[in-house]
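Thanks for coming, everyone. Let me walk you through one fold, piece by piece. Please have a look at it first.

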Amino acid sequence: MKKLTWLAAVLMTGSALTFTACDKDDPIETATSYAELPQAGKAILESYFGSNAVASVTRKNLPDTDGTLYEVRLTSGIEIDLDKDGNWTDIDGNNQKLPDALIPAPILDYVTKQYPAPLFIEGIDKEPYGYQIDLSNDLDLKFTTEGAFIGLDD
């Protein structure tokens, strides 16, 4: 009988700790303002997306595996993910052409030669191997950090 009482006490304590750890007052993301972004992030937004107004900025409590800490959504629908220092980690054009100046020159040269207009780059992600480029025809291309073509992303 003492073992059952002890087991019940352990289970109740474990349940209480589990519910405390999952408290809804500790959000995973919180809305923040443009002013709270690191200076490098503001510079990216102003340099490449100046004509697009910022619709929302979200800050994560913990960075994603790629380092993303801030998610910025523009009124045009473009989404830019930034790390703690304000460097972009992922830019999703959501079916819109990204500014050419954002794309490393060797990658832009390769894409424009191999995939001419009307195709365009609508997304770019920094990856451990280099970059993933998302084209408007749903092809994903992989490049090294130096801009050499690796292959298609599966």
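Some ground rules. This is a predicted model, where local features need pLDDT of at least 70, side-chain atom pairs count only at pLDDT 80 or more, and totals for chains, interfaces and linings use all residues. Residues are numbered from 1 along each chain as its sequence is written, and side-chain values use heavy atoms, with hydrogens and water left out.

The sheet. It is open, has nine strands, and its order is β1-β2-β3-β4-β5-β6-β7-β8-β9, with antiparallel pairing. At the edges sit β1 (29–32) and β9 (149–152), each pairing on one side only. Neighbouring strands are turned by 20 degrees against each other on average, direction ignored. On terms: helices (H or I, at least four residues) and strands (E, at least two) are DSSP runs, numbered from the N terminus. Two strands pair if DSSP finds at least two bridges between them. Axes are lines fitted to C-alpha atoms, for helices over the stretch in contact, and angles run from 0 to 180 degrees between N-to-C directions.

β5 (residues 88–92) and β6 (residues 121–127) run antiparallel, joined by three bridges. Isoleucine 91 has isoleucine 124 as its bridge partner in β6.

Next, the hairpins. β7 and β8 pair in the antiparallel sense over five bridges. Glycine 130 stands opposite threonine 144 in β8. Four residues lie between β7 and β8 in this hairpin, and aspartate 138 in the turn has a positive phi of about 75 degrees. β8 and β9 also pair in the antiparallel sense, over three bridges. Here phenylalanine 143 has phenylalanine 149 as its bridge partner in β9. Four residues separate β8 and β9 in their hairpin, where glycine 147 in the turn has a positive phi of about 100 degrees. Look at the faces of β8: Leu141 and Phe143 are on the covered one, while Asp140, Lys142 and Thr144 are on the uncovered one.

On to the helices. Helix α2 (residues 39–49) lies across β2 (54–60), β3 (70–74), β4 (79–82) and β5, at about 155 degrees to β4. Helix α3 (residues 105–114) packs on the sheet and touches β6, β7 (130–135), β8 (140–144) and β9. Contact means heavy atoms within 4.5 Å.

Which residues of α3 are buried? Ile107, Leu108 and Val111. They cover an arc of only 95 degrees around the axis, which puts them on the same side of α3. That arc is taken over the directions from the helix axis to the C-beta atoms. The cover over these buried residues includes β6, β7 and β8. On the other side of α3, Ala105 and Lys113 are exposed. Buried means under 20% relative accessible area, exposed over 50%, partly exposed in between (1.4 Å probe, protein chains only).

Last, two loop residues. Threonine 68 lies in the loop between β2 and β3. Buried or exposed? Threonine 68 is buried, at a relative accessible area of 0%. Its side chain makes a polar contact of 2.8 Å with that of aspartate 66, and another of 2.6 Å with that of threonine 89. A polar contact is a pair of N or O atoms within 3.5 Å; within protein, one must be able to donate a hydrogen and the other to accept it, and residues adjacent in sequence count only if both atoms are side-chain atoms.

Serine 51 lies in the loop between α2 and β2. Serine 51 is exposed, with a relative accessible area of 76%.
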